[in-house]
Amino acid sequence: MSALEIIINLLSWFFIVSGSVFVVIGAVGTIRFPDFWSRLHAASITDSAGMILLVIGMCLQAGPTLVTVKLLIIGVFLFITGPTSTHAVANAALVTGLRPPEAEGLIGAEPEPIKPEGDDDA
Amino acid sequence: MFVFAIFALFIAMVLVLVRLYAGPTLYDRVLAVNSFGTHTVLFIGVIGFLTGRPDFLDIALLYALINFVGTIAILKYFRYRAIGDVHQRPTDREIGH
Amino acid sequence: MRNIGIAIVFFALWLLMSGIFEPFIIGLGAASVLLTLFITSRMDAQDGDRVDLLLAPVKYTKYLAWLMLEIARANWAVTKIILARDMPIRQHLFKTPYTQKTDVGQVIFANSITLTPGTITVETEDGHFLVHAVSYSEDDPDALADMDARITACETAGGA
């Protein structure tokens, strides 16, 4: 085993282990946080840090093959859709009337009322 | 290393399932389902590496697609009470409930 | 011209995903690319909705690198909140103005806000986003304005 392989192995160890740790932290956050709005943020830790680190670690492990390309496609796909579905959940909750609890001394912004006739982008 | 990742993902999935069961609101559950899907995609990928069959990545990619479309479809249903064409937006905000 | 570009991208995607270079399989790939092109051109005739990527590639790559650093920093901050015994949560919903002209620029800004844990774009309205922060501090709006300026700098043309 050459020195380069050892370095790549160590790096992928580091990425996969830290990614796993972030995934567990995100899941712990979804349990520990007190309300829905803060849980959104915990879930997005798994979506960003956990996913990115795990995919990079697996890419290093796979080496320059088609497997790496597939992993990168999965990574890019999750990178785009992760925040989109988080936004969709938050937006649906806001529209149906759920409001985040504001911290002391802060006044939350109110969304503009939707016009009843609706528009094309619905 | 992959065994460690499998264990971590498994623990995380169990925790997310607890949140899915506990709720309390509908949106907590949708969030938990979506998060569970992301975990599953990573889980399938890691299992592919653990068993030396990277073909599993195709399944993971497909699962990611289905998870995203499914989440959006569920949320669209909750918001508009219809999956197909939506001509009328809800006026819940005006009623203010 | 546009269709040829789409066909090349689709076919490259097929080759990369299948990894089998036999004539029969490649023929199947070509057939499915043609079918997809047929469907997309029909869809285009239906709504005429097109997305143009009016982005400067080098600047955008630099922005992505900066975003990665920002994601790492934000992840660390939220991790500390989750693991802290008393969980110092300070939730706030506030308005963030955006200055991007193109749809793609606005999508990138909104998704970047959501990608950095700790802030989530909740609603998009004319001229501003509603952003929810889990541990709001007074310089959060300035940080988001900085991100906004960086994305606006990536845009090459002021589309509709």
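Predicted model: local features only at pLDDT ≥ 70, side-chain atom pairs only at ≥ 80, totals over all residues.
Starting at the N terminus of chain B, the order of elements is simply α-α-α-α. As for how chain B folds back on itself, take the contacts between residues at least 6 apart in sequence: 45% of these join residues at least 24 apart.

Chain A has 122 residues, and 55% of them count as buried. Among the contacts in chain A with a separation of 6 or more, 64% come from residues 24 or more positions apart.

How far does the predictor trust chain A? The average pLDDT of chain A is 82, with 84% of the residues scoring at least 70. One stretch of chain A, residues 117–122, has a pLDDT below 50, and in the model this stretch makes seven contacts beyond its near neighbours in sequence.

Next comes the place where the two chains meet. Chain A brings 56 residues to the contact, and chain B brings 49 residues. Interface size is often expressed as the accessible area that is lost when the parts come together. Here, the area buried between chain A and chain B is about 4700 Å², and carbon and sulfur atoms supply 74% of that area.

Some charged and polar pairs also turn up across this interface. The rule finds two salt bridges between chain A and chain B. A salt bridge links Arg39(A) to Asp28(B), with 2.6 Å between the closest N and O atoms. Polar contacts between chain A and chain B, counted where both residues are at pLDDT 80 or more, come to six residue pairs.

Which elements of chain A give two or more residues to the side that touches chain B? They are helix H1 (3–32), helix H2 (36–62) and helix H3 (66–95). H3(A) provides the largest share of that side, with 18 residues. Sorted by class, the side of chain A that touches chain B holds 35 nonpolar residues, 13 polar ones and eight charged ones.

Terms used
Residues numbered from 1 in each chain as written. Chains lettered and ligands numbered in written order. Heavy atoms only, no water. pLDDT = per-residue confidence, 0-100. Contact = heavy atoms within 4.5 Å. Buried area = accessible area lost by both parts, 1.4 Å probe. Salt bridge = Lys/Arg side-chain N within 4 Å of Asp/Glu carboxyl O. Polar contact = N/O pair within 3.5 Å; in protein donor to acceptor, adjacent residues only side chain to side chain. Helix = DSSP H or I, 4+ residues; strand = E, 2+ residues; numbered from the N terminus. Nonpolar A, V, L, I, M, F, W, Y, C, P; charged D, E, K, R; others polar. Buried < 20%, exposed > 50% of the residue type's maximum accessible area, 1.4 Å probe, protein only.
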